[in-house]
Amino acid sequence: MEALVSIRNVFKEYVMSSQLTIPALNGISLDIIKGEFLAITGHSGSGKSTLLNLLGLLDDPTRGEIYFAGSDIHNFTEKQKVSFRLNAISFVFQFFNLIENYTAVENISFQLLLQGYSGREAKNRAREIIDFLGLSDRASFFPHELSGGQQQRVAIGRALAKDSLLILADEPTAHLDSKNGEAIIELLHDINKQFNRTIVLVTHEKEEARHSDRNIMMRDGKVVNIVNVQK
Ligand code: ADP
Ligand code: MG
């Protein structure tokens, strides 16, 4: 099985002052397999978000390497980093992070414009995605006119629109009720299967990790358990 990402002995320390250093990651080594649905669980403070931020180049490790398709991304030039963030990675956040004065369909087409699609192509493709999300009748609604679950669907549509190598979702159901939360997890699974996209889902709900290909548990900045889920 081909590794899309190889994380090798990664440490992250937050230096707060000369007396206080917080060790957030303590030697993580892990492969993310192309096409897999990987869940990462662990208590609050175990380092899950720190790891996702390093994968998304939002921050640099203190030590260790992260290889994407063979290249150490933290050795990229600034220009390569910008392009990598724009094209290779999609993020889904707890708080949806939609653009408030853009409609649902515009939030998706904007992503496509950034990636160089023409106006017409972006609009057509965004419409297709809105239909896939089951939000055809909400396409021209603004985020504040949508429920939390619908907003998160749009955010996931934006992540899907990007032709990225990896979708990183950091507790995407944390601010949803359980019914909407389940629907969001199901949508991520649909995207994994239908579009063959590699997905890393961070969650503190064990139940949400149940249908993943693999489930990794973190504690105190380390991977303490890897389970291949039986389906
Ligand atoms: P999780 O996502 O599993 O809740 P985090 O990765 O957010 O965990 O945090 C891991 C540890 O790193 C925690 O002790 C947290 O307080 C600390 N931490 C996270 N981000 C920062 C930061 N920007 N500055 C200082 N400490 C941080
Ligand atoms: Mg977190």
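These questions and answers cover a ligand site and a helix pair in a predicted model.

Student: How many charged residues does the shell around ligand 1 have?
Tutor: The shell includes Tyr 14, Met 16, Ile 22 and Ala 24. Also in the shell are His 43, Ser 44, Gly 45, Ser 46, Gly 47, Lys 48, Ser 49 and Thr 50. By class, four are nonpolar and seven polar. The charged count is one.

Student: Which residue has a side-chain N or O atom 2.5 Å from an oxygen atom of ligand 1?
Tutor: A polar backbone atom of Ser 46 lies 3.2 Å from a ligand oxygen. A polar side-chain atom of Lys 48 is 2.8 Å from an oxygen of ligand 1. The 2.5 Å distance belongs to the side chain of Thr 50.

Student: What percentage of the area of ligand 1 does the protein bury?
Tutor: Start with ligand 1 taken alone. It then exposes 560 Å². Of that area, the protein buries 64%.

Student: Are helices H5 and H6 roughly parallel or roughly antiparallel?
Tutor: H5 spans residues 148–161 and H6 spans residues 178–194. Their axes are 10 Å apart, at an angle of about 15°. Angles under 35 degrees count as roughly parallel. Therefore H5 and H6 are roughly parallel.

Student: Is the crossing of H5 and H6 left-handed or right-handed?
Tutor: These two helices pack at about 15°. Their crossing is right-handed.

Methods: Residues are numbered from 1 along each chain as its sequence is written. Chains are lettered from A and ligands numbered from 1 in the order in which they are written. This is a predicted model: local features need pLDDT of at least 70, side-chain atom pairs count only at pLDDT 80 or more; totals for chains, interfaces and linings use all residues. Side-chain values use heavy atoms; hydrogens and water are left out. A residue is near a molecule or strand if one of its heavy atoms lies within 4 Å of it. A polar contact is a pair of N or O atoms within 3.5 Å; within protein, one must be able to donate a hydrogen and the other to accept it, and residues adjacent in sequence count only if both atoms are side-chain atoms. Accessible areas come from the Shrake-Rupley method with a 1.4 Å probe; for residues, only the protein chains shown count as cover. Ala, Val, Leu, Ile, Met, Phe, Trp, Tyr, Cys and Pro count as nonpolar, Asp, Glu, Lys and Arg as charged, and the others, Gly among them, as polar. Axes are lines fitted to C-alpha atoms, for helices over the stretch in contact, and angles run from 0 to 180 degrees between N-to-C directions. Helices (H or I, at least four residues) and strands (E, at least two) are DSSP runs, numbered from the N terminus. Angles under 35 degrees count as roughly parallel, over 145 as roughly antiparallel, 65 to 115 as roughly perpendicular and the rest as oblique. A crossing is left-handed if the near helix is turned anticlockwise from the far one by less than a right angle, and right-handed if clockwise.
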